[in-house]
Amino acid sequence: MHFCSAWSRALNNSEARAFGINAIAKYDVTFKNPEGLNDGGVPGFGMTGSFEFGAMTTQNVLEEVARVGDYVGASRLYNQEMYAYHEWYWFTVTGFCPNLPEQCITPFEGCEETEPPMEPATCKPKGCAGKAEGAKEGAKCPADKLAGHDFLKDDVLKRSCCLHYKDKQEVVRGGQCNAKSSPTGEHGCVFQVSPLTDANYVLLDDVVGITKLRCKTNEDGVVRDCKDWYDWRTNCDDPDGKYKRKFTCTGACHGVCNAFCLTAENVEIEKTEECIEYDLHPFCQDNAPDHCGSEKCQALKPEERELGLPYWRGRCDAASNQRRAEGFAVLFLGDAVRGKHSLLDKSVFESNPDCGDQMFCTANGNGGPYCTRTFAGLCSQCYIPGTEPSYGEAAAHTSVCPYSVFTEPGMHPHDETTCKSDKPEDLCCLYGIPGQKCGTGGNDLSGYMLAASLQDTEKMENFLRIYAAEVLGAVVADEERFRQIAYSAWSAQPPIRPSPVPWKEQLENVWHQLEEKLSTDPSLEQTTKTTTTATTSTA
């Protein structure tokens, strides 16, 4: 969503966010995949692909559906476009006639439909039939040619007719079961989705604060509350030009010039006629593959990297992205996750198989790979830093385990796990591994990590109060603001993200940033020390 919907530098004359996304919804999904499904890289799931206007454009996914039937796919995602402490996931579920779009695409023979919002790559340049037409058997779709992989090798048939299951003469129905059925893993019944309720639906405009901003139409000049994204974009009351600006750059461009800037040396802020919801500096947006981690992006101050609404600021900051994700979790799950730095209800752990049963999650004595459901409800690989031997180069693309990993069903420390030291800043001793206890900590990184591993805001407050008094000579002046700092100073795992940057360096940076914040934050005030000098005189 942050990649596509919010970023609006390229949305020239658009009446909606990219892909028309204007709301977020929570669904409970139960699934059972078919037997014989090829492993897609995430335990229990098949491979994923891309849909464009209802058409699956990934050939391997279509071949898998033809071979075993409908299934649920998942893929692990992590890149430098957006910093996060752990990976996230992309899911694929197949629907009816997955190879064809919702409507026919010109210049397909007989197609008279208007231009669709998106033209699938598989329909270029000759067009496609729509799902309804493709499901009809006839001269274009002879029954004897529709089953098996040969169908997918015939470009004309693939663009004209609906994909059939390999083992039976039937159009692929899609994996969603009817409302009264539980998933069986058979054709047409692989997943079940809970009904959408008002409690599980939220408008993006409300979340990001657009409906609390002010708009003004030129006709009457009356200032009023903004109705939605388009109203704010075109009629925002922005006399100071705070939101009517975007980044622009010189150099080679592709697509829309100034939307994707590849070799820009000079970047300026350009005034715009419309209000811009969010824009990221080209040095961070377009410098693939490093993006946020590129030297040019890192050389910018945080406040120089972004424009637009405050809600979206901090795309290159893992803590800010975690805070946004937790905000959605609280909206949908309420007190079950509030104040816990959690994205999931505990029922996820109770209702799913143990991750320990997966070969993917079988650890060695070097700290991993273990698995956790804490990040996304799936079995996500993770490792424990600071072991001897270390996890090695794999740490650059693997998430650090949550402190509670060994409380999850089926997860146990490897018998040969040894911590490199008992220093809290080396992290290993914080995981409760038998025989591996931590030493003491002070008003430094060691004490900070001891406090953070307790996952308790009150205990973090106590540590920060002592630090403020003994190191800064300060006392708390704003309790609520100070408590917010304390809450944001800990998380479910050490504040380390999968990255080529060594985890120790990341950890030290996080501590230095916290030190700097405490030294300047208005929640603290310096205590005043008065020195009295006594003078004695003799007559």
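A: At 4% relative accessibility, Tyr 431 counts as buried, because buried means under 20% relative accessible area, with over 50% called exposed and partly exposed in between (1.4 Å probe, protein chains only). This is a predicted model, in which local features need pLDDT of at least 70 and side-chain atom pairs count only at pLDDT 80 or more, while totals for chains, interfaces and linings use all residues. Residues are numbered from 1 along each chain as its sequence is written, and side-chain values use heavy atoms, with hydrogens and water left out.

The structure holds 11 aromatic pairs, where rings of Phe, Tyr and Trp (its six-membered ring) pair if their centres lie within 6.5 Å, and planes under 30 degrees apart count as stacked, over 60 as edge-to-face and the rest as tilted. One of them joins Tyr 403 and Tyr 431, whose ring centres are 6.0 Å apart with planes at 40 degrees, so this pair is tilted. Tyr 403, at 7% relative accessibility, is buried.

Another pair is formed by Tyr 467 and Trp 511, and it is edge-to-face because the planes stand at 75 degrees, with the ring centres 5.5 Å apart. This pair links distant parts of the chain, 44 residues apart, with Tyr 467 in helix H12 and Trp 511 in helix H14; helices (H or I, at least four residues) are DSSP runs, numbered from the N terminus. Tyr 467 is buried at 3% relative accessibility, and Trp 511 is buried at 4%. Ring pairs also link Tyr 467 and Trp 511 with Tyr 448 and Phe 463 into a cluster.

Methods:
Helix = DSSP H or I, 4+ residues; strand = E, 2+ residues; numbered from the N terminus.
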